[in-house]
Amino acid sequence: MAQDAPAPTKVNAAAPNASDLLFEAPQMKNVTPGSTITYDYLRRSGIAKGPYGPPMTDTIVFTVDAAKVPDARNIRVTMFSGFNRVPAGPFEDMPGNPVISLFLENHLRGLAKLLEANPRYLKNAIRKGLRDKAVVTPIKVTFQGREVDGWRVETKPFEGDAMTERMRGMANMTYTFVTAPDVPGEIVSIEAQSKTPDGGELLEEKLSYEQKAG
């Protein structure tokens, strides 16, 4: 009988730590002061009578200026528009990209309301998932008509959680982050997605870097 294959490793030997990649890297250093970054945002849910309402599409816009520290930036934020508007920022002397925290905080507000759960508990579960369960994979990202190197980080933080039975079928929630050093701010996309066993959509929430022509 053939030997069992070794268990797959969660992280490529040459891959960075997921938490370091997302929360410790100086992602804003490649953003030109005086420029703007726009992220397209989408949220939709198939949960009947859920708190999300109709699908939502909007943008998060960063206006970026020079900071006291060379690799950091000052950032003014316009998070959504009209009745969707959410107060955010400004951020001063930021080396990292705050769009990750903005996305997750907004996501957790809705998820906590849906599940009638403590948002801090959910936040800690995601942090632990990124620390202990994340799969980090090298990928190619299309940017300005060419392929550049990037990383894909995926985690399912609620699988096997003690509160699984209270997750309304969303314990399979998958968080996917795509980063690339060549992209301004380095964050290419963030997605939180959960589906039913038959493929029905419980929640899809996604943010994507908007590539401008020229």
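R43 is in contact (heavy atoms within 4.5 Å) with Y52, P55, M56, N106, L203, E204 and E205, leaving aside neighbours within four places in sequence. R43 lies in strand β1, residues 36–44. Strands are DSSP runs of E, at least two residues, numbered from the N terminus.

This is a predicted model: local features need pLDDT of at least 70, side-chain atom pairs count only at pLDDT 80 or more, and totals for chains, interfaces and linings use all residues. Residues are numbered from 1 along each chain as its sequence is written, and side-chain values use heavy atoms, without hydrogens and water.

R43 is buried but has no salt bridge. Buried means under 20% relative accessible area, exposed over 50%, partly exposed in between (1.4 Å probe, protein chains only). A salt bridge needs a side-chain nitrogen of Lys or Arg within 4 Å of a carboxyl oxygen of Asp or Glu. For R43, the nearest side chain of opposite charge is E205, 4.6 Å away.

The structure holds five aromatic pairs. Rings of Phe, Tyr and Trp (its six-membered ring) pair if their centres lie within 6.5 Å; planes under 30 degrees apart are stacked, over 60 edge-to-face, the rest tilted. Two of the pairs are listed here.

| Pair | Centres | Planes | Class |
|---|---|---|---|
| Y41 and F80 | 4.8 Å | 50° | tilted |
| F158 and Y175 | 6.3 Å | 65° | edge-to-face |

Y41 and F80 are both buried, as are F158 and Y175. Ring pairs also link Y39, F62, F143 and Y209 into a cluster.

M94 sits in strand β4, residues 91–94. At 22% relative accessibility, M94 is partly exposed.

Methods
Helix = DSSP H or I, 4+ residues; strand = E, 2+ residues; numbered from the N terminus. Lys, Arg positive; Asp, Glu negative; His and termini not counted.
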